[in-house]
Structure formats: structure tokens, C-alpha cells
Amino acid sequence: MSHHHPPPADRLSRPEQKARTRQALLDAALALMEHRGLGSIGLREVTRAAGVTPTAFYRHFPDVDNLGVALVDECLGSLRGTIRAVRDGVSPSDEVINRSIGVLARRVRENREHFRFVARERHGGVPAVRAAIAEQLDLFAAELATDLAGDKLVGGPRFDRWIATDLRMISSLMVNHMVWTAAALLDAPPDAPGAQARVIDTAGRQLRLILLGARCWTDGD
């Protein structure tokens, strides 16, 4: 069986070298933050772990805080696009729920360090990173509200009849539920499939309950 290895750095184009260095810095920062917050690591510590010079760091990020913002975008930005693709087109509400939770569970399983970083920094971390996380979650909610208004959930509430403020309220509730589910998946031992499955099952049941309650919502009275 043949094995494919990435080409050596001296055979990469300049953009490829820059991309590799940038990713090395992001990966090094994540590794350093396994049990620490972003505010406790220094620039030289990151560059030493990545095997690059401080000068190389400044070609990609003005400071460590900006690197943290990039980590947020790498984690939540890509997740946002993937989960929104699940809602593309008209589908039964149960199918959308199951597929969305499945995407989230797979991402958390494959990128535990990323999600631990976001969970840690969301409330008590660096201000710029907290703001980046809040912005991404706000975009999640705005996109979900738009999709709900498009009445894409077969068998779900008639969200196309809801006013904008109520749509934003329920979309924010569902995004907060996603954050809770990600935290619960992180807390479940990765080598205990039963624990992970229970989190996924509970998350699906809770989302169905939210949609059931939404059927009875009128105009916010």
C-alpha cells in the first residue's frame, strides 16, 4: 500500500508555505491551551511550539488575541456553513434535527481541542475572542431565522407566519441549545459511546420539544 506524505517545505509554493506556517501556529496554540486559557500563553511560547520565529508570527497575526479570533472562525465559521447546508431545501423536521445533531457530534468528536477552546473562552476569556464567539453565534441565529422563515421544515410549525422578533427568539434558543449540546458532548468520555449516544438522543428530544411548543406560540403575548 502506498502512503502519501505532504511535500517538503522547500517544494511548496509561497502561498502554500504561508498557509502551512499559519496552520502550524494555530495548531501549536491549541495544543498549549489544552489546560490553559488563551490569556496565559505568550507569543514566543506559540512560535517555539510551532517551530517558527516571532517574525514569522507577525506575518500572520498582529498578536495572540488575533490568533484566538482566527481559531474561533476556524471552528465555528466552518461549522456554521456545514450545518446550514443540512437545511438546504425542504426536509422533514425530524430529519433536519437528526442530521444537524449528527454533524455537530462528528465535529466535536474530530475537533475536541477547538470546541474546548471555544467553551473556555466564551465567558471568561480574552475580550476580542469573546466578541468573535458572540458574533459567530449571532450569525448562526440570524441564518437559522432566515431559513425558518422560508418554511423549509416539513411537519414543523408555520414559521413563515411568525414576526421577525419571534423568529429571532426561537432561533437564538436553538443556537443556545446547540452550545449546550456541544458542551455535553465534550463532557461525555470519548471512549464511552453509550454516553455520547445518550447526549445525542437527549438533544434530539429537546429540539423536538422546542418545535412542539412553537406550534402553540401565537404572537408573543
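## Helices and strands

Helices here are DSSP runs of H or I with at least four residues, strands are runs of E with at least two, and both are numbered from the N terminus. By that rule the chain has 9 helices and 2 strands. Starting at the N terminus, the elements run α-α-α-α-β-α-α-α-β-α-α.

This is a predicted model: local features need pLDDT of at least 70, side-chain atom pairs count only at pLDDT 80 or more, and totals for chains, interfaces and linings use all residues. Residues are numbered from 1 along each chain as its sequence is written, and side-chain values use heavy atoms, with hydrogens and water left out.

## The chain as a whole

The C-alpha trace spans about 60 × 45 × 35 Å along its principal axes. Buried means under 20% relative accessible area, exposed means over 50%, and partly exposed lies in between (1.4 Å probe, protein chains only). Of the 221 residues, 41% count as buried.

Contact means heavy atoms within 4.5 Å. Take the contacts between residues at least 6 apart in sequence: 66% of them join residues at least 24 apart.

## Helices α8 and α9

Helix α8 covers residues 164-187, and helix α9 covers residues 193-215. Their axes come within 10 Å and cross at roughly 170°. Axes are lines fitted to C-alpha atoms, for helices over the stretch in contact, and angles run from 0 to 180 degrees between N-to-C directions. Angles under 35 degrees count as roughly parallel, over 145 as roughly antiparallel, 65 to 115 as roughly perpendicular, and the rest as oblique. α8 and α9 are therefore roughly antiparallel to each other.

On the α8 side, the contact includes Ile170, Met174, His177 and Trp180. On the α9 side, it includes Val199, Ala203, Leu207 and Ile210. The contact residues divide into 13 nonpolar, 5 polar and no charged. Here Ala, Val, Leu, Ile, Met, Phe, Trp, Tyr, Cys and Pro count as nonpolar, Asp, Glu, Lys and Arg as charged, and the others, Gly among them, as polar.

## An enclosed cavity

On a 1 Å grid over the protein atoms alone, a cavity is a set of points where a 1.4 Å probe fits but cannot get out; lining residues have an atom within 4 Å of a point. Grid points are joined across faces, edges and corners, and a volume is the space filled by probe spheres set on the points. The count comes to 1 cavity of 30 Å³ or more. The largest cavity has a volume of about 310 Å³.

Its lining holds 19 residues, and Ile83, Ser100, Leu144, Met174 and Leu207 lie nearest the centre. Helices α5 (93-110), α7 (127-149), α8 and α9 each give two or more residues. The largest share, 6 residues, comes from α5. By class, the lining has 14 nonpolar, 4 polar and 1 charged residues.

Ile101 sits in helix α5. Ile101 is buried, at 7% relative accessible area. Ile101 and Gly204 are 103 residues apart in sequence, but their C-alpha atoms are 7.2 Å apart in space. Beyond neighbours within four places in sequence, Ile101 contacts Ile200, Ala203, Gly204 and Leu207.

His60 is in the loop between α3 (54-58) and α4 (64-86). Its relative accessibility is 19%, so His60 counts as buried. Asp65 lies in helix α4 and is partly exposed, at 32%. Setting aside residues up to four places away in sequence, Asp65 touches Leu38, Val126 and Val129.

Terms used: 1 Å grid on protein atoms, 1.4 Å probe; cavity = no way out; pocket = protein on both sides within 12 Å on 5 of 7 lines; lining within 4 Å.
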